[in-house]
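Q: I have a structure open and would like to go through a few parts of it. Can we start with how the helices pack?

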Amino acid sequence: MPRLPALVTALPPGDLAARLGMYLAGCAVFSSGATLFIHSDLGTDPLDVLALGLQRHIPITIGIAQAGIAAVCIAIWSAWNRRRPVIAPFVTFLLCGSLIDLLLLTDLSWIGGTPSLAAAVPLCAYGSALIIMSGIGIRAMDLVAISMTQHWRWPFWAAKGGTEAVLLGFGYVLGGPVGVGTLCFLVFVDGLIQPFMALNRRALRLRNHGLAEAGAQAARVSA
């Protein structure tokens, strides 16, 4: 079975600032959306359903919970692709989880539940698109989803939806908050990521480093 190269590669100096900027902006935007999902009290995204479910049983922060989930996802990706574990996706989970912890300390009472949910959907979708396109620290769940597209030829939206459904199932069993917001995340956020990536390519001329490099690498090893 061919070995898939790591998705996080050395960055040319000229690309470094732009890609780091895209990555950090994506983390900030996604974390803002995830925070609004939690604040809406209408159900949150599957990752936070699991993280908050873990909090009901273990005295940990959302950041630590997400870091633990990242470690499991990275282990799955590493074993599946016969690659050494990568660190950058773990950092992404820890960074986003810590930003959510900080944002939840702010006063969000002026934002109602429904407006919070309406804003959370495009923020999470666009943040995810930026993180993936940066090719830096692609979220551990997305690494697994990209591997599914390469091994099973699934469309990315279906692969990502499948990984989200697994997290949701575990989170629900642990007592995490599931509601209409969770359904909105699965249907709309996962469905909007690819259109947002296409919009970024066409309107902002941003290169999709994450999926482009993964596809090129997969083509080389299967040749």
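Q: Which hand does the crossing of α3 and α4 have?
A: The crossing of α3 and α4 is right-handed. Keep in mind that this is a predicted model.

Q: What angle do α3 and α4 pack at, and how far apart are their axes?
A: Helix α3 covers residues 62–81 and helix α4 covers residues 88–103. The angle is about 160°, and the axes are 7 Å apart. Angles over 145 degrees count as roughly antiparallel, so α3 and α4 are roughly antiparallel to each other.

Q: Which residues make the contact?
A: On the α3 side they include Ile 62, Gly 63, Gln 66 and Ile 74. On the α4 side they include Pro 89, Phe 90, Phe 93 and Asp 101.

Q: How many of the contact residues are nonpolar, polar or charged?
A: The contact of α3 with α4 has 12 nonpolar residues, four polar and one charged.

Q: What else does Phe 93 touch, leaving aside its neighbours within four places in sequence?
A: Phe 93 is in contact with Gln 66, Ala 67, Ile 69 and Ala 70, among others. Its contacts also include Leu 47, Arg 139, Ala 140 and Met 141.

Q: On to the core. How many residues are in the largest nonpolar core, and which have the most contacts inside it?
A: The largest nonpolar core has 53 residues. Those with the most contacts inside it are Phe 37, Ile 69, Phe 93, Cys 124, Val 189 and Ile 193.

Q: Which helices supply at least two residues each?
A: They are α1, α2, α3, α4, α5, α6, α7 and α8. The largest share, 10 residues, comes from α5.

Q: New topic: Glu 164. Where is it, and is it buried or exposed?
A: Glu 164 is in helix α7, residues 156–173. Buried means under 20% relative accessible area, and Glu 164 is at 0%, so it counts as buried.

Q: What is Glu 164 in contact with, leaving aside its neighbours within four places in sequence?
A: Glu 164 is in contact with Pro 46, Leu 47, Met 141, Phe 185, Leu 186 and Asp 190.

Q: Last one: what is phi of Arg 82?
A: Phi of Arg 82 is near 55°, a positive value in a residue other than glycine. Most residues other than glycine have a negative phi.

Q: Where does Arg 82 lie, and is it buried or exposed?
A: Arg 82 lies in the loop between α3 and α4. At 52% relative accessibility, it counts as exposed.

Terms used. Residues are numbered from 1 along each chain as its sequence is written. This is a predicted model: local features need pLDDT of at least 70, side-chain atom pairs count only at pLDDT 80 or more; totals for chains, interfaces and linings use all residues. Side-chain values use heavy atoms; hydrogens and water are left out. Helices (H or I, at least four residues) and strands (E, at least two) are DSSP runs, numbered from the N terminus. Buried means under 20% relative accessible area, exposed over 50%, partly exposed in between (1.4 Å probe, protein chains only). Contact means heavy atoms within 4.5 Å. Axes are lines fitted to C-alpha atoms, for helices over the stretch in contact, and angles run from 0 to 180 degrees between N-to-C directions. Angles under 35 degrees count as roughly parallel, over 145 as roughly antiparallel, 65 to 115 as roughly perpendicular and the rest as oblique. A crossing is left-handed if the near helix is turned anticlockwise from the far one by less than a right angle, and right-handed if clockwise. Ala, Val, Leu, Ile, Met, Phe, Trp, Tyr, Cys and Pro count as nonpolar, Asp, Glu, Lys and Arg as charged, and the others, Gly among them, as polar. A nonpolar core is a set of buried Ala, Val, Leu, Ile, Met, Phe, Trp, Tyr and Cys residues joined through side-chain atoms within 4.5 Å.
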